[in-house]
Amino acid sequence: MDLRVLIQSFMSTLKSIIQAGTLRTLTSMAVLRIADLCRQVCAMSSHLHDQALVKQLYEEHPNKIIPAFGLHPWWSHHISFQPGDEPPSKQEHYARLFPSLYDAAKDSESDAMQTLLESFPEPTLMSTFLRERLRPLLLDHPNAMLGEVGLDRSFRIPYSQTDAKSDRSDFKQAKKFTNLKVPMEHQLQLLNIQIDLAFELNRNVSFHDVQAHGAVMDLLASLAKNSERWKRSTSRICLHSFGGSVDVIQRVTKHIDRQRIYFSFSTTINARLERLEELIRAVPDDRLLIESDYNDIRMNETRIWEILRVVCEAKSWSAEQAVSILQNNWNTFSTSDTL
Amino acid sequence: MTDLSHPRDAAHWPENPDAKLLERLVDTHAHPTDYKQFRVHKEQYRDYTASLALSKVSLSLTLYQTWGSLRRLLPKLASLG
């Protein structure tokens, strides 16, 4: 085909898709490379609007994608736990979560805060999300995990991306972050409800823990000790891109639940840690997993290859040995029906 | 060819990924639907979604290796349209 005709045809088709304004475009770009991947990828959901994208991606590539549904703590403020069938008003909900935001918005010099406030969505009732979205998605996809869920003490909500001059809305490109953090109690409430559902349905969990190791350990220890559902369930938990300490690893494996909890590492997040190899060495060989933790599928092979190398160096394994162990760990994590 | 039996260190690590090893591994956590969007409930996000896809395509078009993939993608894009 003539190159110019090829480009014109391609751009014309793409333009029609863009004009249609569908979200399919983005996943189509991901499809381009997922189809070429030689391995399976656990595709995480994060917020109210990408559960459907992950579902769609799985339906297009059922042999490549292991879907994960759930709400990430970065978007937990969009959720209300108010009883009843009606969510609170936007003002009521965000004023309760972020009292300082409303105080600042009253200040005439706080246009940015006012803009941020206006940019928040109407709150969604957790009971509605659970009943209409999360439970049906997990039931309809027997191999699906719960993810990404967890706790984050570090994350601050960025100012409205719609005001950014940059045409990228990657959060790293955001010019400023507010001082607003979602209260830990709110994050915990969301996490507990989601984990409870995962354990009810015997689903594995991909768990986000950033600077919340104490709260995460307390939660896991409490569940292991007190939760009948935990004791009956065969669900496993993967502490993904784990950035805690050797002490935390030892506490989990010796005192909380060695059989149920796995540790996964990525270069995307963990490469900045000087103690990365020390952490990997501290994880029992049969509880180690690896991941890309990346949002561009084109980098998948590179990221997995990088972390495989780090694992080999940390554990003094050959590549073949590492792959065999990691393969076996994944099989146990994903398919074993006993603990 | 990768020496699979040698304990790994920087001196022995193959520069290029080994497909036969990679195909046996599962990526246990990824975000192929671009999760780092903070105003996803806004129409702007939906517009942006398209422009992001376009920017990715534009970038890809600069790579020679992309053309083979592009030819395979065209029928799929046409069917979506």
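At 0% relative accessibility, Cys42(A) counts as buried, a term used for residues under 20% relative accessible area, while exposed stands for over 50% and partly exposed for the range in between, with a 1.4 Å probe and protein chains only. Cys238(A) is likewise classed as buried, at 2% relative accessibility. The closest cysteine sulfur to that of Cys42(A) belongs to Cys238(A) and lies 8.3 Å away, which is too far for a bond. A disulfide is defined here as a pair of cysteine sulfur atoms within 2.5 Å, and by this rule the count over all chains comes to zero.

## How the model is described

This is a predicted model, in which local features need pLDDT of at least 70 and side-chain atom pairs count only at pLDDT 80 or more, whereas totals for chains, interfaces and linings use all residues. Residues are numbered from 1 along each chain as its sequence is written, chains are lettered from A and ligands numbered from 1 in the order in which they are written, and side-chain values use heavy atoms, with hydrogens and water left out.

## Chain A as a whole

Chain A holds 15 helices and nine strands; these elements are DSSP runs numbered from the N terminus, with helices being H or I runs of at least four residues and strands being E runs of at least two. Of the 339 residues in chain A, 54% are buried. The chain exposes about 14500 Å², and carbon and sulfur atoms supply 47% of that area, as computed by the Shrake-Rupley method with a 1.4 Å probe, where for residues only the protein chains shown count as cover.

A contact means heavy atoms within 4.5 Å. Among the contacts in chain A between residues at least 6 apart in sequence, 75% join residues that are at least 24 apart.

## Strand 5 and its partners

Strand 5 of chain A is largely enclosed by the rest of the structure, because eight of its eight residues are buried. Two strands are said to pair if DSSP finds at least two bridges between them. Strand 5 of chain A pairs in the parallel sense with strand 2 (residues 65–69) of chain A over two bridges, and Ala68(A) stands opposite Met145(A) of strand 5. Strand 5 also runs parallel to strand 6 of chain A, to which five bridges join it, and in strand 6 the residue Asp209(A) is the bridge partner of Leu151(A).

Strand 5 spans residues 145–152 of chain A and includes Glu148(A). The peptide bond that joins Gly147(A) and Glu148(A) is cis, with omega about 0 degrees.

## Positive phi angles in two loops

Asn202(A) has a phi near 55 degrees, a positive value in a residue other than glycine. Asn202(A) belongs to the loop between helix 8 (184–200) and strand 6 (205–210) of chain A, and with a relative accessible area of 41% this residue is partly exposed.

Ser241(A), which is also not a glycine, has a positive phi near 40 degrees. The loop that holds Ser241(A) runs between strand 7 (237–239) and helix 11 (246–256) of chain A. Ser241(A) is buried, with a relative accessible area of 7%.

## A proline of chain B

Pro17(B) is placed in the segment before helix 1 (19–22) of chain B, where Pro17(B) is partly exposed, with a relative accessible area of 35%. When residues up to four places away in sequence are not counted, Pro17(B) touches Trp305(A) and Leu22(B).
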